[in-house]
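Thanks for coming. I will go through one chain today, from terms to overall shape to a few side chains.

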Amino acid sequence: MSDDVVQIALGTLQGLGASTVFVLALFIGFCVLVGFTKTKRTAGGAMVVKSLDERISHQPMAYLSPSAPRGPADQLHTPELLEAAARK
């Protein structure tokens with residue numbers, strides 16, 4: 001009786017271990033494939049992550065240059081709104 005329980009326990013552990021290794025191998029393979037396809041080289045030579053829209057539509061996106069202004073923007077003082085206010 002004791003040998004049967006040990007055999008069942010070992011078989012269960014072996015089955016769980018094999019299935020875990022299989023799923024882990026699939027997951028790592030998927031991550032590697034996605035990792036190769038999610039980046040693109042910019043004109044400056046830097047690697048950037050493609051946007052989701054670019055990956056789905058297969059249309060190239062226009063990325064901001066490194067010299068683009070950064071930080072919070074006051075949406076009420078955009079050039080378009082200031083120009084419209086000056087016309088009034």
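A definition to begin with: buried means under 20% relative accessible area, exposed means over 50%, and partly exposed is in between, with a 1.4 Å probe and protein chains only. By that scale leucine 24, at 47% relative accessibility, counts as partly exposed.

Now the ground rules. This is a predicted model, where local features need pLDDT of at least 70, side-chain atom pairs count only at pLDDT 80 or more, and totals for chains, interfaces and linings use all residues. Residues are numbered from 1 along each chain as its sequence is written, and side-chain values use heavy atoms, with hydrogens and water left out.

On to the fold. The chain has three helices and two strands; these are DSSP runs numbered from the N terminus, helices being H or I with at least four residues and strands E with at least two. From the N terminus on, the order is α-β-β-α-α. The radius of gyration is 28 Å, well over the 12 Å that the globule rule gives for 88 residues, so the chain is more spread out than a compact globule. That radius is taken over C-alpha atoms, and the rule is 2.2 Å times the number of residues to the power 0.38. Along its principal axes the C-alpha trace spans about 95 × 30 × 25 Å.

What share of the 88 residues is buried? Buried residues make up 2%.

Next, helix 1, which covers residues 2–37 and holds serine 19. Serine 19 is partly exposed, at 36% relative accessible area. A polar atom of its side chain lies 3.0 Å from the backbone oxygen of leucine 16. Between serine 19 and alanine 84 there are 65 Å in space, C-alpha to C-alpha, and 65 residues in sequence. Leucine 24 is in helix 1 as well.

Last, charges. Side chains of opposite charge can pair when their charged atoms come close. A search of the whole structure finds one salt bridge, meaning a side-chain nitrogen of Lys or Arg within 4 Å of a carboxyl oxygen of Asp or Glu. Arginine 87 forms it with glutamate 83, the closest N and O atoms being 3.6 Å apart. Both residues lie in helix 3, residues 79–87, four residues apart, about one turn of the helix. Arginine 87 and glutamate 83 are both exposed.

Notes: A polar contact is a pair of N or O atoms within 3.5 Å; within protein, one must be able to donate a hydrogen and the other to accept it, and residues adjacent in sequence count only if both atoms are side-chain atoms.
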